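Reader: Could we go through this one together, a piece at a time?
Author: Gladly; ask whatever you like as we go.

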Amino acid sequence: PSASPPRGEQLIVSAPVIVLKLEGGVGHQTVPLLIIESSFTSQVHNWSSDMYIESNLAVEIAYSNEKQGVWEPIIEPVMDTSKSIPHKWGLSVEVEKNQEDLQEDEDGGLLPPPKMTINVVATEPLQLLMTKTCLDVLGQLGQAFNEAYQLREFEGTLGQKIIPFVFKNRLGKDLVLKKDASFEPAPEFDRVDLNHFHSGNDAYMVVKSKRHLVAQESLIRSTQLQDEKRISFQLTDNSVKHEVSIKQARKRMFTLEKYQIVVNAEAFIGQKVVSFISLLQVKNHLSVPVEIKYNSDRTSLSVGEVSSNLTFPIPLDAVYSSTGELFFQPKTQDASYDVSKEGVSWKTLEETNKTKQITCEASRKDNPAYYFNVLPEFEKIYRENTEDRIDQMITLHLHPTVILHNLLPFSLQATLENTTVTYSLESGHHVPLSYASVNKTTLEIQILEYRGLQWKGKKLIRLDVPELSILTFQAEEAGKSIFMDLGFHSKEKNGSFDLTVYSPYWIINLADQDIALREDDKDSPLVHKKGSKDIMLFYFRDKAMFGGTTKRKESSEKKKEKVKELKKPGKVSLKIGDAEWSDKFSMDTVGSSGNVTCKNKAVGNSLEVGVKITLASSGLTKIVTFTPFYLLINASAVLLSVKETDKDSAWTNLEPGECKSFYPQTVAKEMTIVAKVQDSNLVTSAFFLNKAHTTLLRLDDNYGGINAECQVSESAMITTFKTYRPGMATVLFVNHTSQSTVGIKQSGSTHEGIDLEPLTSQLYTWTDPAGTKEITWSCGEKKNVKSTLDQDKIEEFFAQNNIKVYYVSFLDGMQRVVMFTEDLALATVAQEAGELEQIDQSISLKIHDMGFSLINNEKAVELAYMGITSSGVIWEEKKKRFKAMKLKDALSLEQSYQRYLLEVSAGKCKSSIVTLDNKMEVDFES
């Protein structure tokens with residue numbers, strides 16, 4: 001009997017459901033953050049020979065929205081139009097290993113196919129949704145991975161457990177709470193009597209676990225079908241009962257006779273907290289605790305103490321007192337303060353109300369009073385179980401009256417006038433001035449050390465000032481008073497009056513030279529020594545207002561101080577070393593860079609520095625950095641020396657890996673330098689210092705050459721030196737002829753050229769790097785042919801004895817090669833070497849369309865949408881290359897093609913050849 005044919009190899013993999021859930025750790029529990037649900041099928045054929053893989057992947061990705069209690073999609077599910085049922089987004093992948101046989105391309109040429117072809121196809125649109133909540137979840141996920149990577153130890157209490165549901169009563173009255181049947185008390189905590197749920201108590205609940213399995217089409221969508229958890233509540237002395245759902249994190253207001261009660265459901269990581277509070281709460285932004293009081297029957301009663309950075313709900317009795325007025329008393333460690341004489345009544349507050357300053361006098365008269373601001377915030381919340389946000393609750397924010405910010409590069413010391421209160425403030429930090437009263441307190445600021453001096457400034461804290469003004473500092477030097485003007489930014493922000501001390505300009509000197517700046521000829525310049533790591537402050541001085549730089553008119557303490565507005569910026573001049581002053585230039589063009597030149601007529605040279613201007617994160621200070629305009633970098637492993645070409649100047653030595661500034665004696669349109677290996681007498685040809693180029697500089701020694709690369713920008717000319725590596729040479733000449741000699745020379749060069757003998761090759765670089773980058777070659781009938789060596793080409797000509805020779809220019813890796821040969825086949829293969837090189841891997845990606853939607857889900861607003869969609873049907877025709885057809889012809893062709901497809905599907909097609917309206921004949925089967 002004949003043997004049965006061998007079977008091919010085949011592997012089938014099928015995974016109907018794959019669920020990957022990423023969770024974050026909270027205490028000793030984990031909470032879900034991200035879920036990936038997918039299905040996968042794959043078939044692998046003949047993996048030992050002609051491997052072919054066919055795979056299909058369906059995927060759905062969602063994040064956990066704890067506020068809504070559901071999984072929300074990141075990849076939007078695809079709707080099945082026939083069944084109106086969403087399903088996962090699908091992707092198919094085909095991988096095929098190809099034979100090495102040549103294949104015919106579109107132009108009729110033969111090209112080797114890729115060793116492996118990968119086709120990725122998605123026939124359904126990919127829509128990505130990114131919400132504000134999703135970004136928060138991804139941030140938590142990144143933080144969890146970061147903590148795991150850094151192996152941080154757990155900082156919580158060992159054995160701590162996060163309880164899923166917490167109910168809090170902060171009404172000041174008892175409640176009757178009826179819970180859903182799915183709740184049960186947490187065994188770790190004492191059982192609370194919910195029929196007498198006392199104010200101040202917390203009830204901890206868990207959900208009864210369900211052991212039965214329910215088949216779901218999608219785990220992600222199943223959360224949207226869950227039963228809502230509901231509770232009901234009422235006051236013990238009130239028969240009105242309300243029911244509320246706590247699945248979503250929302251605030252809802254319910255009316256129980258004369259009281260309005262807010263049910264605040266908040267979602268934290270792994271926990272939902274439901275608080276019963278009044279419509280009024282106080283948030284403390286001060287650095288000390290504050291006791292809150294109210295009056296009842298002419299008696300002052302305390303409702304509690306709110307700690308720093310916490311929120312305190314006001315009990316119902318205080319909210320619904322006769323006036324609804326609250327009083328405050330700060331609790332500091334160093335002094336005691338009386339209750340504020342003036343209170344805040346929520347009943348008279350309106351949304352247009354601004355901040356109100358509260359004064360608490362000290363118990364001892366020698367201590368300063370304590371000041372803070374009260375800022376009301378009105379928040380729209382849901383009315384009972386409706387979707388209408390028409391009710392509102394009020395939060396009283398307690399803010400410091402004044403906050404002082406230090407945006408100078410050194411420390412400050414601030415003192416309140418006529419007090420012993422002193423604040424120390426590091427650079428970039430801020431401090432609340434709790435004992436400062438707006439429009440009354442004078443602030444004294446001291447710079448302890450700047451340029452070897454102590455500076456003092458004084459400012460009355462006032463609201464009616466420009467946002468940008470001047471703060472004048474005074475110092476004593478050699479028995480004389482000198483002055484310095486800095487910026488002073490004043491702005492009401494978040495319930496406080498923010499004061500910021502800053503300098504309009506920071507000057508950073510990295511130029512390796514002494515520099516000086518001045519506004520005009522009458523000014524004494526500000527000098528910044530080279531090598532100084534300190535930052536120099538610069539400001540424009542208004543002599544019309546201040547009367548000079550060394551003389552100021554002292555204002556009387558009793559006379560109201562005139563506010564000095566910040567002068568508009570102007571232009572400055574720069575001085576480098578002993579050179580003359582430069583032309584004026586602006587330091588206000590943020591993001592720009594350039595160079596400044598200072599001439600030195602006494603020596604007959606010029607000095608240049610680069611200038612880069614950036615804006616500090618505060619938006620108030622411009623950082624102006626001066627750097628050397630010419631930089632030399634030795635990226636080789638040998639010691640190098642560099643000097644100017646036309647000057648008898650000293651050599652500048654460069655250590656391996658060193659970056660050094662270079663100040664040429666001459667500044668011209670074209671500047672050249674030379675280089676050498678240190679302790680060697682062989683010097684390279686001159687090359688450009690101020691033009692972009694990459695040139696191998698020839699050295700007839702063991703090193704072979706030095707590669708110089710000059711990069712040009714607006715603020716720097718950077719020249720990098722490297723030792724020779726293969727591929728750096730300008731060109732490799734190959735003479736593959738049997739008897740023809742090729743003469744080669746750089747165009748315009750005075751150096752002798754080379755004669756390349758038959759069957760020899762030679763690496764070549766420019767003999768004159770600063771000259772024309774072009775070669776001239778001669779061979780046989782071809783004389784003085786010029787070539788720039790920048791493109792592939794093939795030519796033919798006749799050498800002596802009528803022998804046909806081919807000139808071929810091509811790239812071999814990184815090396816440009818020019819070959820002269822009599823072999824046509826060799827010339828053709830060399831010229832097509834890049835095209836005939838077999839591709840290792842070809843990847844084809846075809847996606848129906850893609851979209852990315854950025855959504856603020858808290859306000860239900862789509863902020864942006866970006867998409868990549870199909871351009872529609874485009875017909876192209878080819879003469880030398882493919883080109884889109886005219887619109888009229890393309891429409892006619894598309895209509896004829898669709899008609900042809902319908903006839904084929906109906907079996908009524910007579911011929912595939914169709915003549916269009918423009919008399920064009922088309923064969924749809926060819």
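Reader: Which residue in S20 is the bridge partner of Lys168?
Author: Ser275 of S20 is the bridge partner of Lys168, where a strand is a DSSP run of E of at least two residues, numbered from the N terminus. This is a predicted model, in which local features need pLDDT of at least 70 and side-chain atom pairs count only at pLDDT 80 or more, while totals for chains, interfaces and linings use all residues. Residues are numbered from 1 along each chain as its sequence is written, and side-chain values use heavy atoms, with hydrogens and water left out.

Reader: And how do S12 and S20 run, parallel or antiparallel?
Author: Parallel: S12, residues 165-169, is joined to S20 by 5 bridges, and strands count as paired if DSSP finds at least two bridges between them.

Reader: What about S19, which sense does its pairing with S20 take?
Author: S19, residues 259-268, pairs with S20 in the antiparallel sense over 8 bridges, and Ala265 has Val274 in S20 as its bridge partner. The two strands form a hairpin with 2 residues between them, and Gly270 in that turn has a positive phi of about 80 degrees.

Reader: How many residues of S20 are buried, then?
Author: Of the 8 residues in S20, which covers 271-278, 7 are buried, so the strand is largely enclosed by the rest of the structure; buried means under 20% relative accessible area, exposed over 50% and partly exposed in between, with a 1.4 Å probe and protein chains only.

Reader: Switching topic, where does Lys380 lie?
Author: Lys380 lies in strand S28, residues 370-383, and counts as partly exposed because its relative accessibility is 41%.

Reader: What does Lys380 touch?
Author: Leaving aside residues up to four places away in sequence, Lys380 touches Glu351, Arg389, Ile390, Asp391 and Gln392, contact meaning heavy atoms within 4.5 Å. Arg252 is 128 residues from Lys380 along the chain, and their C-alpha atoms are separated by 9.7 Å.

Reader: Which residues touch the most other members of the largest nonpolar core?
Author: Among its 96 residues, they are Leu326, Phe328, Leu404, Ile447, Ile507, Leu517 and Phe626; such a core is a set of buried Ala, Val, Leu, Ile, Met, Phe, Trp, Tyr and Cys residues joined through side-chain atoms within 4.5 Å. S28 gives this core its largest share, 5 residues. Apart from this core lies another, of 24 residues, including Leu175, Met205, Leu235 and Tyr259.

Reader: And what surrounds Ile447, which residues does it touch?
Author: Beyond residues up to four places away in sequence, the contacts of Ile447 include Leu408, Phe410, Leu453, Trp455, Phe473, Met484 and Leu486.

Definitions and conventions. Helix = DSSP H or I, 4+ residues; strand = E, 2+ residues; numbered from the N terminus.
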